[in-house]
Amino acid sequence: MRDVRLEGIVKQFGKVRAVDCIDLHIRENEFLVLLGPSGCGKTTTLRCIAGLETLDEGRILIGGRDVTHLPPGKRGIGMVFQSYALFPHMTVAANIGFGLRVKGVDRTEIDRRVRRAAELLQLGNLLDRYPSQLSGGQRQRVAVARAVVVEPQVLLMDEPLSNLDALLRLSMRAEIKRLQQEIQATTVYVTHDQVEALSLGDRIAVMSEGKIVQLDEPQEVYDNPATVFVGAFIGNPPMNFLTGRVRQDAGRLFLEGEGYQVPLSPEAAARIQAARIDEVTIGIRPENIAVSLTEPEGGGIAASVIVSELIGAQRMLTLALGPHTLKVTTSTEFLPPPNGQVWLTFDPAKIRLFDAATQARLAQLPKAS
């Protein structure tokens, strides 16, 4: 077993709880991403798993073994840091094999395992070079090779791609995913980049203020955020939010706010009524809003164009809806007039409902038996 269990772990710095009573089971061979903004506690959580921070409460188990009070070297982990942390006076081969030499592994075995790790990370022709002779991407691959060569039970990665440019990050993401699938290591990956999280993770643990606010598969986190915070943090551009009250007009139900009326489905209205709340926040992704230059049949919501931006395969519109600002993505061929009017249609099936007071998503109604 190479799973990891965090049981009620707490790490406090003065009066600040950087990690606030986290319970988490990371499955064997899983690629789990800890995602959140700066200061949310994700790196501190990783350092607790590594043994670089001492817990104030709780315990950590790796492969069923309690490692709470063990030093990092005895936890069966490999770690890749945000900085490459390579020894400048050592060759690539010596850097990769450093951990094995510290463990007293036989020289022949070190050579075999270094060459195997170098092959996995496409470093075979660079073993005699020094770090100063490598590019940023090559240095990062050396750092990863050094971590995997010790054949750890758990691989920990702390924002390993943050120092690379956009193109290198793209290629390294693919390499890391391929490597993890090949070596079948239980992996915990820390990042603030939601694109990395969505593309790499088997599951994502979204963190805020030392707590995990949602733990799920990437598509579920994107489609059904547990809170307004998650919806706003994940997505580029992020989810749009509007807050208002439910109103009935001519037998139809609407969410009404300043400058808009959004039609609601009967199921959405039933969920709001079941929650017994006065104010509701709806969330909808930019790609789930249809936009047209003329009012559609059945009516639409009028909005004003603030900015139109070409973003590669899509066009992104920033729109004014009363006092609110919305982001909408559409095809590159859609060319609204500058400062002109457009009409919006929200996909009812894609509207997500949140309690305006608590900012938590409203629970699904139980299905009729």
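User: Which residue of E13 stands opposite Gly 257?
Analyst: This is a predicted model. E12 (residues 252-257) is joined to E13 (residues 260-263) by four bridges, and the two strands run antiparallel. In that pairing, the residue of E13 opposite Gly 257 is Tyr 260.

User: What phi does Gly 259 have in the turn between E12 and E13?
Analyst: E12 and E13 form a hairpin, with two residues between the strands. Gly 259 lies in that turn, and its phi is positive, at about 90 degrees.

User: Which residue of E12 stands opposite Arg 245?
Analyst: E12 also pairs with E11 (residues 240-249), antiparallel and through five bridges. Across from Arg 245 in this pairing stands Glu 256.

User: Which strands stand at the edges of the open sheet of four strands?
Analyst: The order in this sheet is E2-E1-E4-E5, with antiparallel pairing. A strand at the edge has a single partner, so one of its sides is left without a neighbour in the sheet. The edge strands are E2 (16-26) and E5 (65-66).

User: What angle does the direction of H1 make with that of E1?
Analyst: H1 packs on the sheet and touches E1, E2 and E4 (57-62). The angle between the directions of H1 and E1 is about 115 degrees.

User: Is Thr 44 buried or exposed?
Analyst: Thr 44 lies in helix H1 (residues 42-50). Leaving aside neighbours within four places in sequence, Thr 44 is in contact with Lys 11, Phe 13, Ala 18, Val 19 and Glu 53. The relative accessibility of Thr 44 is 15%, and the cut-off for buried is under 20%. Therefore Thr 44 counts as buried.

User: Why are Arg 112 and Glu 109 separated by about one helical turn?
Analyst: An α-helix has 3.6 residues a turn, so residues three or four places apart point the same way. Arg 112 and Glu 109 form a salt bridge, with the closest N and O atoms 2.7 Å apart. Arg 112 is partly exposed at 47%, and Glu 109 is partly exposed at 26%. The separation is about one turn because, in helix H3 (residues 107-120), the two are three residues apart.

User: How many residues apart are Arg 271 and Glu 267 in helix H9?
Analyst: The side chains of Arg 271 and Glu 267 meet in a salt bridge of 3.9 Å, N to O. Arg 271 is buried at 8%, whereas Glu 267 is partly exposed at 37%. Both belong to helix H9 (residues 266-275), where they are separated by about one helical turn, being four residues apart.

User: Which residues are joined with Arg 17 into one network of salt bridges?
Analyst: Arg 17 and Asp 20 meet in a salt bridge of 2.9 Å, N to O. Arg 17 is partly exposed at 33%, while Asp 20 is buried at 16%. Through salt bridges that share partners, Arg 17 is joined into one network with Asp 20, Glu 57 and Lys 211.

User: How far from Arg 146 is the nearest side chain of opposite charge?
Analyst: Arg 146 sits in helix H4. Neighbours within four places in sequence aside, Arg 146 is in contact with Tyr 84, Ala 85, Leu 86, Asn 95 and Ile 96. Arg 146 is buried yet has no salt bridge. The nearest side chain of opposite charge is Asp 158, at 12 Å.

User: What helices are included in the cover over the buried residues of H2?
Analyst: Helix H2 (residues 92-102) has several buried residues, among them Val 92, Ile 96 and Leu 100. Just after H2, Gly 104 takes a positive phi of about 80 degrees. The cover over the buried residues includes H3 and H4.

Technical notes:
Residues are numbered from 1 along each chain as its sequence is written. This is a predicted model: local features need pLDDT of at least 70, side-chain atom pairs count only at pLDDT 80 or more; totals for chains, interfaces and linings use all residues. Side-chain values use heavy atoms; hydrogens and water are left out. A salt bridge is a side-chain nitrogen of Lys or Arg within 4 Å of a carboxyl oxygen of Asp or Glu. Buried means under 20% relative accessible area, exposed over 50%, partly exposed in between (1.4 Å probe, protein chains only). Lys and Arg count as positive and Asp and Glu as negative; His and the chain ends are not counted. Contact means heavy atoms within 4.5 Å. Two strands pair if DSSP finds at least two bridges between them. Axes are lines fitted to C-alpha atoms, for helices over the stretch in contact, and angles run from 0 to 180 degrees between N-to-C directions.
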